[in-house]
Amino acid sequence: MPVAEEFQASWADEVEIDQGVLPPPSEVVENGLKIVTEYKYDNDNKKVKIVRTYKIEKRVVSKSIAKRKTWSKFGDSASDKPGPNPATTNVAEDVFMQFITSKEESQRPDDGELDGLKPPSSNVIFKCRTCQGDHLTLYCPFKHTQIAQAKAAEAAKAAEAKVAASNKYIPPSSAGRIPGRDQPPVRREDVTAIRISNLSNFAVEADIDDLVKGFGPVHKLYLAKEKSTGHCKGFAYVHFKFRADAAKAIQSLNGHGYDHLILNVEWSKPPQNN
């Protein structure tokens, strides 16, 4: 006659035997892991088992944080174990903050090692350029006297000696300049600039660049826009690198149909001297 084998009851059967009383939660720590086992009822009023596994990590924190972790809990969490309780605490991601200065450093007495690096304190805010006095140059009492001329001559000699003593490179364009005289004429950029008018209000810089890039290298491009709306005012300026490319663009684009409009392209007129 076969012998009936004894089967070990499962955890669900053991819970049912207790006539509705849930067993207390348990914690097991092994191999750097903490396993927490809990029992509760689900939405269908069935008893379920919940197993959570936590990885134990050790972190080095500041003294203030370590001291705050030793505070005793109060209120509904007075009887909780150390650490956050998932039933009452929502644990989010850690936010690390790096402070430039801490309270300990601000309270530490100054050793005086940085006194030499601090700029010397002075109550003088301005200094006269004529007599080096503590007043404005406009109100200098020696403004129109021989003392002012002598001071100016001394300052000029000191500047020349400083330049001669230094090995700094002086460009040829500024080496022969004499103060008070007319400077050499600056090369005008409008000799290679063209003006494109009768543009659409919705034109952008990319449209103008596509329109003129086939004629040659472009040095600068400016599209006039309204400040309030940002739409095109209807004209733009294009500075080519070579004048021949600008002339070619005028010949090809003047009267050209673009965006349902007829373009008007001409040389940019230089500003009139008032």
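The dialogue below walks through how to read several features of this predicted model.

Colleague: Before looking at any detail, how many helices and strands are there in the protein, and what share of its residues is buried?

Modeller: The protein has seven helices and nine strands, and buried residues make up 15% of its 274 residues. Its exposed surface comes to about 23900 Å², with carbon and sulfur atoms supplying 54% of that area. Among contacts with a separation of 6 or more, 44% are between residues 24 or more positions apart.

Colleague: How should I read a sheet, and which strands form the open sheet of four strands?

Modeller: As a general idea, the strands of a sheet pair through backbone hydrogen bonds, and they do so either parallel or antiparallel. In this structure the four-stranded open sheet has the order S5-S6-S4-S9, and its pairing is antiparallel. Strand S5 (218-225) and S9 stand at the edges with a single partner strand each, so one side of each is left without a neighbour in the sheet. From one strand to the next, the twist averages 20 degrees. If you follow the pair S5 and S6, you will find six bridges joining them, and tyrosine 222 stands opposite tyrosine 237 in S6.

Colleague: What is the order of the strands in the open sheet of three?

Modeller: That sheet has the order S1-S2-S3, again with antiparallel pairing. Here strand S1 (26-30) and strand S3 (47-55) are the edge strands, and each has a single partner, so one side of each is left without a neighbour in the sheet. Its twist averages 20 degrees from one strand to the next. Strand S2 (residues 33-41) is joined to S3 by nine bridges, and lysine 34 stands opposite tyrosine 54 in S3.

Colleague: Which strands do helices H6 and H7 lie across?

Modeller: Helix H6 lies across S4, S5 and S6, and runs at about 140 degrees to S5, while helix H7 lies across S4, S6 and S9, and runs at about 150 degrees to S9.

Colleague: Which residues of H7 are buried, and which are exposed?

Modeller: In helix H7 (residues 243-253), the buried residues are Asp245, Ala246, Ala249, Ile250 and Leu253. Seen down the axis of H7, these buried residues fall within an arc of 140 degrees, so they line one face of the helix. On the other side of H7, Ala244 and Gln251 are exposed. The cover over the buried residues includes strand S4 (193-197), helix H6 (205-212), strand S6 (232-240) and strand S9 (264-267). After H7 comes glycine 255, whose phi is positive, near 85 degrees.

Colleague: How do I read a nonpolar core, and which residues in the largest one touch the most other members?

Modeller: The general idea is that, in soluble globular proteins, nonpolar side chains tend to be buried together. The largest nonpolar core here has 19 residues, of which Ile194, Ile196, Leu199, Val212, Val238, Phe240 and Val265 touch the most other members. The elements giving two or more residues to this core are S4, H6, S6 and H7.

Colleague: Why does asparagine 45 count as exposed, and why does histidine 260?

Modeller: A residue counts as exposed when its relative accessible area is over 50%. Asparagine 45 is at 61% relative accessibility, and therefore counts as exposed; histidine 260, at 83%, also counts as exposed.

Colleague: And where is glycine 230 found?

Modeller: Glycine 230 is in the loop between S5 and S6, and at 38% relative accessibility it counts as partly exposed. Its C-alpha atom is separated by 9.4 Å from that of asparagine 201, a residue 29 residues apart from glycine 230 along the chain.

Technical notes: Residues numbered from 1 in each chain as written. Predicted model: local features only at pLDDT ≥ 70, side-chain atom pairs only at ≥ 80, totals over all residues. Heavy atoms only, no water. Buried < 20%, exposed > 50% of the residue type's maximum accessible area, 1.4 Å probe, protein only. Arc of directions from axis to C-beta. Contact = heavy atoms within 4.5 Å. Core = buried A, V, L, I, M, F, W, Y, C linked by side-chain atoms within 4.5 Å. Pairing = 2+ DSSP bridges. Axes fitted to C-alpha atoms, helices over the stretch in contact; angles between N-to-C directions. Areas by Shrake-Rupley, 256 points an atom, 1.4 Å probe, with all protein chains shown as cover.
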